[in-house]
Amino acid sequence: MTRIKIFDTTLRDGEQSPGVNLNQLEKLEIAKQLERLGVDVMEAGFPASSQGDFDAVQKIARTIKNSTVTALARANRNDIDRAWEAIKDASHPRIHVFIATSPIHMKDKLKKTPEQVVEIAVEMVKYAKEKCDDIEWSAEDASRSDLAFLAAIIEQVIDAGATVINLPDTVGYTTPKEYGEMFKYMKENVPNIERVDLSTHCHDDLGMALANSIAGVQNGATQVEGTINGIGERAGNASLEELAVTFEIRKDFYPFTTQFVLNEIKRTSDLISQFTGMVVPGNKAIVGRNAFAHESGIHQDGVLKNAQTYEIITPELVGVHSNNLVLGKHSGRHAFKDRIQQLGFNLSDEKIADAFLAFKQLTDRKKEVTDDDLFVILMEIQTDT
Ligand code: KIV
Ligand code: ZN
């Protein structure tokens, strides 16, 4: 089995979903939950984009211990300085520098020749490397780039010190065969390619982000980038929970593993949906409300006789519990604590006591306390330091 590293970009590409704007506290809670989920790398944000983003990235970098924390930078000194400033206190910092390599992006967006793009990429990777050992370099719009040009620039950024090479399908245009072949080409044509991790980064514009990511892995990628619930620019990014569960359920077919803590998936999905306001579609694979529901009589009959007739994934595997206790004025501390943990909050005993008190006060006014009510209470308790 080959271990595939998971790079979560929920807090950066995911936050680029239209209408999503997370505050610092929400980002920190998500980061802590992503660490519990076992992501290898989390992209905490894009510090040069705003002071708010810088502050959130810095706070995350100073809090997270077990995952690498990275920040995005365009290929210029100011962005790299801001990224480094924000992440330098992390236990495992990584700077993520990108520049576009496709003809359309180089000519019409960057207004640079391919030679100039190579020069900037190399210079900026060297500049970032002076600050940080771990440097990821991304070729934006790689899937629409010329393969020979891509191979040449990758060779040079590896020489300049890059440790991870990411080949994004920025506009969600590629197909599994084509994307896989790009990785194969780089494996066969770039000297020293074995020194780096190759990474996939797929968008879902044609609904192929997961299939494309898997094709990348089958052709040599050892890191997969994506988000929880598949949120992200336009149609979103590859959904990491789908990838991790696919490798688990089809390990007879795919010789790949991740270190995702699978039973933390549902909790992470709920937390992110709640904070971003992006409702998970009922039929969404793995985390949708209906993913484990059986409606037709034939299916219900089959499942009652043997769940495996229609159920390839057990709800418990991904942390979905059938135990849906309603919280109200007769609920005790135990059920309350259980529920807040399910929602992804790990509070001290003192904070739990405060939250329980606020909950009990609410039950005087409200018969049934919903998860939304609990989120309001819990966020207030968290802020109240
Ligand atoms: O989709 C993309 O190309 C990106 C890069 C900035 C990595 O998100
Ligand atoms: Zn992206």
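User: Which residues are around ligand 1?
Analyst: The residues around ligand 1 are D13, F98, S138, E140, N166, P168, T170, H201 and H203. Here a residue is near a molecule if its C-beta atom, placed from the backbone, lies within 6 Å of it. This is a predicted model: local features need pLDDT of at least 70, side-chain atom pairs count only at pLDDT 80 or more, and totals for chains, interfaces and linings use all residues. Residues are numbered from 1 along each chain as its sequence is written, while chains are lettered from A and ligands numbered from 1 in the order in which they are written.

User: Which elements give two or more residues to that shell?
Analyst: β6 (135–140) and β7 do. Helices (H or I, at least four residues) and strands (E, at least two) are DSSP runs, numbered from the N terminus.

User: How does the shell divide into nonpolar, polar and charged?
Analyst: Two nonpolar, five polar and two charged. Ala, Val, Leu, Ile, Met, Phe, Trp, Tyr, Cys and Pro count as nonpolar, Asp, Glu, Lys and Arg as charged, and the others, Gly among them, as polar.

User: Where does UniProt place the feature "binding site"?
Analyst: The unreviewed UniProt entry places it at D13, H201, H203 and N237. They span 225 residues in sequence, yet no two of their C-alpha atoms are more than 10.4 Å apart, so they gather at one spot. UniProt positions are given in the numbering used here, feature names are shortened, and annotations may be inferred rather than shown by experiment.

User: Take D13. Where does D13 lie? Is D13 buried or exposed?
Analyst: D13 lies in the loop between β2 (5–8) and α1 (24–37). D13 is buried, with 23 other C-beta atoms within 10 Å. The cut-offs: buried if 20 or more other C-beta atoms lie within 10 Å of a residue's own, exposed if 12 or fewer, partly exposed in between, with C-beta atoms placed from the backbone.

User: And what is D13 in contact with?
Analyst: T227, G232, E233 and N237, leaving aside its neighbours within four places in sequence. Two residues are in contact if their C-beta atoms, placed from the backbone, lie within 7 Å.

User: Now H203. Where is H203 found, and what does H203 touch?
Analyst: H203 is found in the loop between β8 and α8. H203 is buried, with 26 other C-beta atoms within 10 Å.

User: Switching to strands. How many residues of β8 are buried?
Analyst: Five of the six residues of β8 (residues 197–202) are buried.

User: What does β8 pair with?
Analyst: β7 (residues 164–169) and β8 pair in the parallel sense over six bridges. P168 stands opposite H201 there. Three bridges join β8 to β9 (residues 223–226), again parallel, and S199 has Q223 as its bridge partner in β9. Two strands pair if DSSP finds at least two bridges between them.

User: Which helices complete the β-α-β units?
Analyst: Helix α7 (residues 176–189) makes a right-handed unit with β7 and β8. Helix α8 (residues 209–218) makes a right-handed unit with β8 and β9. Right-handed: with the strands pointing away from the viewer, the path from the first strand over the helix to the second runs clockwise.

User: What about β5? How many of its residues are buried?
Analyst: Eight of the eight residues of β5 (residues 93–100) are buried, so β5 is largely enclosed by the rest of the structure. P93, I95, V97 and I99 point one way, and R94, H96, F98 and A100 the other way.

User: Which strands pair with β5?
Analyst: β4 (residues 68–74) pairs with β5 in the parallel sense over six bridges. R74 has F98 as its bridge partner in β5. β5 and β6 also pair in the parallel sense over six bridges, and V97 has W137 as its partner in β6.

User: Last one: V369. Buried or exposed?
Analyst: V369 is buried, with 21 other C-beta atoms within 10 Å. V369 lies in β12 (residues 368–369). The C-alpha atoms of V369 and A71 are separated by 38 Å.
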